[in-house]
Amino acid sequence: MKRKTLTVLSVAAAALFLLSAAGPAPCDEAGQPRAAGTSIVAVVPVEGVIGIALEEHLRESVARAGEEGAALMILVMDTPGGLSSSMREIIQLIQGAPFPVAAWVSPQGARAASAGAFLVEASHIAVMAPGTNMGAAHPVVALGGDIPDADMKKKVVSDFAAQMRALAGLRGRDAAAAEKMVTESVSYTAGEAMEAKVIDLVAGDLDDILAWAQGRTFLVGDRALQFSLKGYRVVELGMDSRLRALQVISRPDMAYLLLVAGVFAIILEVLSPGGFVLGVTGGILVLFGAYGLRMIPFNWAGIVFLLA
């Protein structure tokens, strides 16, 4: 009995460690004295599935970049897509940032598929490296299948299409071509995206992006901001180890499996009680699954463990 109790406590402690609010990620050269006239360019890798872990990472990154006085944030993107709820939260973070945000699909071979395409269109500067692709943003259910109910599918597609048009129109891009990524699952190469006017630039390195942006005016919040750099220092804001671990379990397919496994474990505990190991383990799996599917917020998940 004592061994079972220790096992349960160990699992719960590990889960609480993962779900506790993580501090800001390490930042290259952050906190160093800034030379006069030198601007900060914050570079944030956006890799893997778009979910609550990546959402939390970007929330922390925007806050940290604001503290550093960043003149520009660049999201270096390579994502297959993810949860629409996290996508909408990240869009709001981009639109509410106190500086221009560039989405750069990079390096060669990277993609901004599905939800990633929305983030590209939401950004003030949309950039793709040669040899990358973007699009295929037709909405699907968590496990990847099509929406089964025809009426619901029509409503959801219409909603996503309107959002894509709104984002593209806000940034002066071709709304009709952007909408096709949702309604027709169109995917564009870098050259095709440039020709269709759904991105602003094809660039292979950071200097090309900064040179293109120099002297241009961007709508940041409700004010027009002219971008100007005399000199700059790059600060990279990477995802910390706890959020990386949480990103694995917050994949929609993984989160769904954890949720189902947790429910079955709880049912087995009710049918054959003894030791509470299955019940507690099932509760932890349900919590992870609910977290991954964004049914509960990041901080509340940790609070539940504290109260358990």
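Helix α4, residues 115-122, lies across strands β4 and β6 and runs at about 105° to β4. The model is a predicted one. β4 and β6 belong to an open sheet of three strands, ordered β4-β6-β7. A second open sheet has six strands, and the structure also holds eight salt bridges and a nonpolar surface patch of about 830 Å².

**The three-stranded sheet**

- The strand order β4-β6-β7 comes with mixed pairing.
- Strands β4 (111-113) and β7 (187-189) are the edges of this sheet, and each of them pairs on one side only.
- From one strand to the next, the twist averages 15°.
- Strand β6 covers residues 133-135 and pairs with β4 in the parallel sense, over three bridges.
- Within this pairing, A112 has M134 of β6 as its bridge partner.
- Helix α4 is the helix that lies across β4 and β6.

**The six-stranded sheet**

- This open sheet runs in the order β8-β5-β3-β2-β1-β11, and its pairing is parallel.
- Its edge strands are β8 (201-202) and β11 (231-236), each of which pairs on one side only.
- Helix α8, made of residues 206-213, packs on the sheet.
- The strands that α8 touches are β1, β2, β3 (101-105), β5 (125-128), β8 and β11.
- The direction of α8 makes about 130° with that of β11.

**Strand β1 and its two partners**

- Strand β1 (residues 38-47) pairs with strand β2 (residues 70-78) in the parallel sense, over eight bridges.
- β1 also pairs with β11 in the parallel sense, here over six bridges.
- V41 takes part in both pairings: its bridge partner in β2 is L72, and in β11 it stands opposite V234.
- V44 stands opposite L75, a residue of β2.
- Of the 10 residues of β1, eight are buried, so the strand is largely enclosed by the rest of the structure.

**Salt bridges around R59**

- R59 forms a salt bridge with E55, and their closest N and O atoms are 3.2 Å apart.
- Both residues lie in helix α2 (residues 52-68), and because they are four residues apart, about one helical turn separates them.
- R59 is partly exposed, with a relative accessibility of 31%.
- E55 has a relative accessibility of 4%, so it counts as buried.
- R59 also meets the side chain of E89 in a salt bridge, at 3.7 Å from N to O.
- E89 lies in helix α3 (residues 84-96) while R59 lies in α2, so this pair ties together parts that are 30 residues apart in sequence.
- E89 is partly exposed at 25% relative accessibility.
- A network of salt bridges links E55, E56, R59 and E89.

- R64 forms a salt bridge with E68, with the closest N and O atoms 3.6 Å apart.
- These two residues are four apart in helix α2, which is about one turn of the helix.
- E68 has 13% relative accessibility, so it counts as buried, given that the cut-off for buried is under 20%.

**The nonpolar surface patch**

- The residues that make the patch of about 830 Å² are Y256, L257, V260, V263, F264, I267, L268, L271 and L278.
- Helix α10 (residues 252-271) supplies the largest share of the patch, namely eight residues.
- L268 is placed in helix α10.
- L268 has a relative accessible area of 45% and is partly exposed.

Key:
Residues numbered from 1 in each chain as written. Predicted model: local features only at pLDDT ≥ 70, side-chain atom pairs only at ≥ 80, totals over all residues. Heavy atoms only, no water. Salt bridge = Lys/Arg side-chain N within 4 Å of Asp/Glu carboxyl O. Buried < 20%, exposed > 50% of the residue type's maximum accessible area, 1.4 Å probe, protein only. Patch = residues over 30% accessible without salt bridge, like charges linked within 9 Å, V, L, I, M, F, W, Y side chains within 5 Å. Areas by Shrake-Rupley, 256 points an atom, 1.4 Å probe, with all protein chains shown as cover. Pairing = 2+ DSSP bridges. Contact = heavy atoms within 4.5 Å. Axes fitted to C-alpha atoms, helices over the stretch in contact; angles between N-to-C directions.
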